[in-house]
Amino acid sequence: MGNNNVCLGEMQNNPTRQGSPETKWKREDLKSGSCVQSLMDKENANFFKMVQCGPAIPHYKNEHSNQRWAKAIATLNNTDDIQTTINLLCNKPEFEELVLLGPPKQYRWETWKALLTNGQIQLSYEKYLEYKPIDEKNILKDIDRTLVQHALFKHESCGQEQLKRILFAISNALPGVGYCQGMNFVCALALIVSGCDEHKTFQCFMQMLTNEKHLLCFNFCHDMPLHFFFIKLIHYLIRRKFPKLNLKNVNDSLWLSKMILSLFIYVFKLDDCIRCWDYLMVRGMIRGIPELILGFIDVTYKQLEQFKEEDYGFNFQGYESSTIQFNVGELIYAAKQKHNIDRQLISRLAIQMKRNKPSQLLDLLSHFENIQTYKKHVQFYMKTIFDLY
Amino acid sequence: MSLGYYDWLVKVIVLGDSGVGKTNILTQFCDSKFSQNYTATIGVDFKIKILNVQDKKIKLQIWDTAGQERFRNITQTYYKGAYGIIFVYSLIDRNSFNNVEGWIKSILESTTDEVCSILVGNKLDSQDRRVQTAEGEKLAQKYNMPFIETSALENKNIQDIFDRLGQNLKIRLENEGQKVSNNIHTQSGQFKLNQEVNQTEQPTSSCNSC
């Protein structure tokens with residue numbers, strides 16, 4: 001069998017685990033970009049232009065952003081490769097602001113990666129692919145129903161195969177969370193932006209799920225406590241900031257749940273999502289998601305004001321069928337400048353909600369205002385609950 | 001035929017396991033098409049269609065729900081105000097049939113209102129049947145609802161689902177209508193007589209062929 005780190009294809013069935021690894025994944029299948037090559041062979045066309053992943057992701061031509069990035073990069077000595085550039089930049093105080101302005105497309109994935117995984121332990125992706133997850137069936141149901149209009153996911157053997165493997169691995173790494181619809185979209189978008197880098201997408205997604213800035217595992221686990229926390233927080237803020245917005249009889253699942261559970265992918269244009277994710281990477285999901293939603297309400301207020309329940313129903317099921325128009329740059333600006341949520345509010349709300357219905361998430365979030373204590377609690381929790389490291 | 005006019009507005013929800021074809025049934029019914037490239041539903045999607053039942057027009061507001069089990073927490077909040085429920089399972093997925101009773105019970109638990117239901121076994125086009133017709137019939141009888149097997153792919157019996165549901169809805173609405181004329185102020189918003197829809201209705205809505 002040789003080196004365990006390398007060999008996957010011949011791995012023995014582990015009888016104590018669910019399922020059997022009848023799929024034999026070759027090491028080269030898992031290598032970053034290998035799928036890109038086979039897709040290129042298949043399509044035999046201008047691959048990056050068509051697939052729009054990796055370096056070809058359209059970015060917003062923002063002169064200010066371009067200038068700021070060019071200036072910041074010019075101050076560095078070593079700018080030969082993208083990774084080194086970002087690693088040097090990310091220690092600078094202005095880095096987060098640069099990201100909010102929108103990284104040049106070729107820097108985006110390294111930027112996200114740096115914000116998500118710097119200083120974190122690398123998990124063994126292969127280890128979690130040795131056996132099939134309990135909810136294999138649920139994952140398989142969604143593989144050909146995820147961003148299939150996107151070229152990368154049209155071919156079963158490429159993007160879909162990678163998506164399947166990452167979701168299997170995630171489900172094995174976090175068996176208490178398992179697979180939840182919504183994860184498929186999140187994983188697919190990360191895969192696109194990474195340029196099909198399966199390993200790194202897995203690492204980044206794991207951080208989104210378990211890092212104290214994000215805690216998305218609570219968004220997707222049974223009972224979805226983070227989702228319900230967001231809903232409560234957002235309604236509280238809407239009442240305070242947009243008291244005249246009429247949401248009576250408007251079911252949250254028609255719009256808010258979709259934005260929360262798919263990180264905007266179900267609702268926004270992919271390009272706009274990517275810009276929103278720039279914001280999420282900097283702010284963290286816990287504050288970033290509600291801030292962006294408040295920013296969204298802010299920049300579309302004149303339209304939402306006219307909406308009745310049915311309009312909420314129709315305008316949040318994909319951007320093609322939506323009449324809502326907004327500029328994503330303005331949305332991010334509004335989120336940052338006008339809807340900044342302070343740590344204390346999160347703690348206060350968590351403590352209040354805990355009185356009615358205690359939960360692990362609310363326990364953790366009640367420490368949110370004290371960064372050190374909060375971090376310690378989260379790390380302890382993740383170690384005890386999940387099959388990590 | 002005026003698009004805006006209808007006699008009743010009725011909320012209908014579609015329930016069933018993930019991947020049984022709920023969205024495809026609705027797309028076939030409302031937009032007359034079948035898409036191989038469809039997306040897993042998150043939360044709840046929404047469709048509108050006007051159904052003619054004899055001399056009446058019923059405007060159906062159809063809620064297409066996410067099927068994964070953990071979404072039931074969210075789904076329960078949709079039940080309020082529903083007049084019709086379509087329970088869907090897949091003929092080629094035994095589990096989805098076994099779970100139908102769970103869906104039915106979740107409705108019985110959360111609403112005391114009488115709802116018009118129908119049981120639908122989808123994917124009749126497939127050769128790999130795992131649930132026999134008699135089993136579906138038996139389950140439907142147990143809960144006293146009509147039963148129908150369909151194929152969204154081949155557009156087989158799809159219209160029938162809504163015709164049969166429509167018949168039952170009409171009977172129920174007419175009974176309630178008599179109550180309304182006696183006590184018009186106690187009616188809630190989801191039940192309106194001879195209402196004219198104003199001009200704000202979006203032409204982009206998914207059904208404009210009705």
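Author: Helix H5 (residues 82–89) and helix H7 (residues 108–117), both of chain A, pack at an angle of about 45°, with their axes 9 Å apart, and they are therefore oblique to each other. This is a predicted model, in which local features need pLDDT of at least 70 and side-chain atom pairs count only at pLDDT 80 or more, while totals for chains, interfaces and linings use all residues. Residues are numbered from 1 along each chain as its sequence is written, chains are lettered from A and ligands numbered from 1 in the order in which they are written, and side-chain values use heavy atoms, with hydrogens and water left out.

Some terms first. Helices (H or I, at least four residues) and strands (E, at least two) are DSSP runs, numbered from the N terminus. Axes are lines fitted to C-alpha atoms, for helices over the stretch in contact, and angles run from 0 to 180 degrees between N-to-C directions. Angles under 35 degrees count as roughly parallel, over 145 as roughly antiparallel, 65 to 115 as roughly perpendicular, and the rest as oblique.

On the H5(A) side, Ile82(A), Gln83(A) and Ile86(A) are in contact (heavy atoms within 4.5 Å) with Glu110(A), Thr111(A), Lys113(A) and Ala114(A) of H7(A). This contact has three nonpolar, two polar and two charged residues, where Ala, Val, Leu, Ile, Met, Phe, Trp, Tyr, Cys and Pro count as nonpolar, Asp, Glu, Lys and Arg as charged, and the others, Gly among them, as polar.

In helix H13 (residues 225–241) and helix H16 (residues 285–299) of chain A, the packing angle is about 40° and the axes are 10 Å apart. That makes H13(A) oblique to H16(A), and their crossing is right-handed. The residues that meet include Phe230(A), Leu233(A) and Leu237(A) from H13(A) and Ile289(A), Pro290(A) and Ile293(A) from H16(A). By class, the contact of H13(A) with H16(A) has twelve nonpolar residues, no polar ones and one charged residue.

The axes of helix H9 (residues 156–173) and helix H11 (residues 198–210) of chain A come within 10 Å and cross at roughly 40°. H9(A) and H11(A) are therefore oblique, with a right-handed crossing. Among the residues that meet are Ile166(A) and Ile170(A) in H9(A) and Phe202(A) and Phe205(A) in H11(A). Nine nonpolar, two polar and two charged residues make up the contact of H9(A) with H11(A).

Between the chains, the contact takes 36 residues from chain B and 38 from chain A. About 3000 Å² is buried there, 53% of it from carbon and sulfur atoms (buried area is the accessible area, 1.4 Å probe, that two parts lose on being put together, summed over both). Ile42(B), Phe46(B) and Arg70(B) supply 25% of the area that chain B buries against chain A, more than any other three residues.

Three salt bridges cross this interface (a side-chain nitrogen of Lys or Arg within 4 Å of a carboxyl oxygen of Asp or Glu). One of them joins Lys59(B) to Glu310(A) at 3.5 Å, N to O. The side chains of Asp45(B) and Lys258(A) also meet in a salt bridge, at 2.6 Å, N to O. Asp45(B) lies in strand E3 (residues 44–53) of chain B and Lys258(A) in helix H14 (residues 256–261) of chain A, so the pair joins two chains.

Notes: A crossing is left-handed if the near helix is turned anticlockwise from the far one by less than a right angle, and right-handed if clockwise.
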